[in-house]
There are 2 protein chains.
Amino acid sequence: MYPDAFEKLIAMFERLPGVGNKTAQRYAFTMLEKSQEQLEEMVEAISGLSRIKRCKTCGFLSDEDECVICKDKTRNFKLIMVVANPQDVVAIERTGSYKGSYHVLGGLISSSKGIYPEELRIEQLQKRIEPSTEEVIVALSPTMDGEMTALYLDKILKDKNVLVTRLAHGLPMGSSLDYADDLTLIKAMDNRRKIENE
Amino acid sequence: MYPDAFEKLIAMFERLPGVGNKTAQRYAFTMLEKSQEQLEEMVEAISGLSRIKRCKTCGFLSDEDECVICKDKTRNFKLIMVVANPQDVVAIERTGSYKGSYHVLGGLISSSKGIYPEELRIEQLQKRIEPSTEEVIVALSPTMDGEMTALYLDKILKDKNVLVTRLAHGLPMGSSLDYADDLTLIKAMDNRRKIENE
């Protein structure tokens, strides 16, 4: 029904996660109202995607061999924070309170999805750990797969003589205690800490 | 944080309706997994958008002066179905049970959104009506704006000596009577018809 280029655009949007035909059409019609300049910008952004690769050290996105974080010599490379995905790096950076380095696994070990350690950047992590490395902070989501991956990492890093820690589990800030699920409440009780009132 | 081209892609997705930063990131990461070939296809589709215009007769999308529907000489041009948007043409065509022509207004008259008749393709509709035109079918959504536009069209087409009809209102097929809103029920009762059992 629609002109060819338009049908193709709808088909392209339909291939995005969670986008059905109705939404794809809505997106395509929005694109139709863009100026020639904006369209060219998009074309440029999409064309630029092929230049994006993984940082050879940490696995974060970069258009050079090393990412902006690994190139930043003011950071503390004795700390390595292990995360599942590049998005997690951005989330941690947003807090502004971590100045170490990262290691992006590229996913989590998952028996249900059939993802094995060999498919993740775990070997690279092992190779990155030097005698100067002080701490590996495992910052994975507190899900079944996240827990399994954390335990696996702890096991294979045993002989590296490095401190392996993980993010605290407990009640999220600003949440309501009676809305917390049981597992979170149990973790919060187990990990309770002395109130330090100075 | 992310490489430039990637940030630009996220920003581009964020400008789509109803897409926030999280969703835009998810879309961008999906794009990252596409093959070089698929990316080129997208670039082509977006570049092709600038060639898309409105059919000079009916206002539907086309990459030529006249759209596929207006060019189809097997259709009955004595019938003109008035719709708000190109999407409506596609919806009606999908049913496969209308073989007349269309007229796309490009929206609805709306006092709340401040859209006046002059901004829609209403004058073009008036000019299209010839002595041979048999019927103008007003196929607008049964909303406040749709009703207002339908009444306006009926008024300005009075002197054209053409039959102006509109789609029936009533219970949608397969729906549950007790879930119908009051207005729909009232319309359905007002427009009740004799059961024709052959």
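Reader: How are H1(A) and H3(B) oriented to each other?

Author: This is a predicted model, in which local features need pLDDT of at least 70 and side-chain atom pairs count only at pLDDT 80 or more, while totals for chains, interfaces and linings use all residues. Residues are numbered from 1 along each chain as its sequence is written, and chains are lettered from A and ligands numbered from 1 in the order in which they are written. The axes of helix H1 (residues 4-14) of chain A and helix H3 (residues 36-48) of chain B come within 8 Å and cross at roughly 135°, where axes are lines fitted to C-alpha atoms, for helices over the stretch in contact, and angles run from 0 to 180 degrees between N-to-C directions. Since angles under 35 degrees count as roughly parallel, over 145 as roughly antiparallel, 65 to 115 as roughly perpendicular and the rest as oblique, H1(A) and H3(B) are therefore oblique.

Reader: Which residues of H3(B) make the contact with H1(A)?

Author: Helices (H or I, at least four residues) and strands (E, at least two) are DSSP runs, numbered from the N terminus, and two residues are in contact if their C-beta atoms, placed from the backbone, lie within 7 Å. From H1(A) come A:Ala5, A:Lys8, A:Leu9 and A:Met12, and they meet, on H3(B), B:Glu41, B:Met42, B:Ala45, B:Ile46 and B:Gly48.

Reader: What kind of axis relates the two copies?

Author: Copies are superposed by least squares on the C-alpha atoms of residues with pLDDT of at least 70 in both. Chain B can be laid on chain A with an RMSD of 0.1 Å by a turn of 180° and a shift of 0.0 Å along the axis. The copies are thus related as by a two-fold rotation axis.

Reader: Which element gives the most to the side of chain B that touches chain A?

Author: In total, 35 residues of chain B are in contact with 35 residues of chain A. Among the elements of chain B that give two or more residues to this side are helix H2 (21-32) and helix H5 (86-95). With nine residues, the element that gives the most is H3(B).

Reader: Which are the edge strands of the open sheet in chain B?

Author: The open sheet has four strands in the order S4-S3-S5-S6, with parallel pairing, two strands being paired if DSSP finds at least two bridges between them. An edge strand pairs on one side only, and in chain B these are strand S4 (100-104) and strand S6 (163-166).
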